[in-house]
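Try each task yourself before you read its solution.

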Amino acid sequence: MNPREWFAVFSHEWRRSLAAKGLFSWIFLIGFPVLIVSLLRYIQHSNDLPMPLLVTWGSIVFVLIAGICCMLSLLLTAAPFMQAELEGRRWVYLSVRPGTKDALLYGKHLYAASRTLLTATVSLFLCLAIGGFLGETRYILVMLALITLGSLAYGAVYIFIGVLIPRRAMVVAVIYSMVEFMVSWIPALINRLTVQYRLRSLLFKWMEWDNVSTTGISTDSGFFSEVPWWQHVVVLLGMTVGLLIIASLILNRREYMAIRDE
């Protein structure tokens, strides 16, 4: 494995993303959370409602940015990466060159995660500006860490799906995203298997919102976990590395057929 080849793919994808179509999807992903937050702010002003506490506003922004925005961005960039290569008839040339499969896999993951990080960060600052919380440095740093961890973990999941089921990667990834997001809110043991649960637990831990008197939510509800924060980080990073390694093994041992135009 040659990291230089990974970064060659990474830089190539970034150059391609600056095209007009790529910028349009970028604007949509940034604007979607901003639009939702703007509507909430407008409703507050129209009804003379008091500005919510950071724990309320912060939770809404977390769901929109670290959840929906990151998932949508990675759905468009990570999940269909193998399908794009097969449909573009480029896989035939890539598969016969040594090291290109791993370079494609890791380079695409780095590109998808970095683009998602940049998209979510811009959207985060715009949402906080609308809410008047740009001075909350601690929350900003926590959210940047969560966006990074979420981009890496979700990116690995979608890359794995793209390698495993290239022709139906987008469909399977959409179904997974919906199920994962809903299951993460179920107060049961199964929600421990989701990325959202880990990210939410880190948010409450790092922001010190894991207090019943502050939020009205106890750990017994299953909404978040009280285990040390580093365990959640280890799980997320371990999931990222593990899924990428498994995807690499599948990619290097499996034969793919180019998708023909029908």
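**Exercise 1. How far is the sulfur of C69 from the closest cysteine sulfur, and how many disulfides does the count come to?**

Solution. Keep in mind that you are looking at a predicted model.

Step 1: Start at C69. The closest cysteine sulfur belongs to C70, and it lies 5.7 Å away. A disulfide needs two cysteine sulfur atoms within 2.5 Å, so this distance is too far for a bond.

Step 2: Move on to C127. Its closest cysteine sulfur is the one in C69, at 8.5 Å, again too far for a bond.

Step 3: Take the count. By this rule there are zero disulfides.

**Exercise 2. At what angle do helix α7 and helix α11 pack, and which residues meet?**

Solution. 

Step 1: Locate the helices. α7 covers residues 137-164 and α11 covers residues 229-253.

Step 2: Read the geometry. The two pack at an angle of about 25°, and their axes are 9 Å apart. Angles under 35 degrees count as roughly parallel, so α7 is roughly parallel to α11. The crossing of α7 past α11 is left-handed.

Step 3: Look at the contact. From α7 the residues include L149, A153, F160 and L164, and from α11 they include V233, M239, T240 and L251.

Step 4: Sort the contact residues by kind. Between α7 and α11, 19 are nonpolar, one is polar and none is charged.

How values were computed
Residues numbered from 1 in each chain as written. Predicted model: local features only at pLDDT ≥ 70, side-chain atom pairs only at ≥ 80, totals over all residues. Heavy atoms only, no water. Axes fitted to C-alpha atoms, helices over the stretch in contact; angles between N-to-C directions. Helix = DSSP H or I, 4+ residues; strand = E, 2+ residues; numbered from the N terminus. Parallel < 35°, antiparallel > 145°, perpendicular 65-115°, else oblique. Left-handed = near helix turned anticlockwise from the far one by under 90°. Contact = heavy atoms within 4.5 Å. Nonpolar A, V, L, I, M, F, W, Y, C, P; charged D, E, K, R; others polar.
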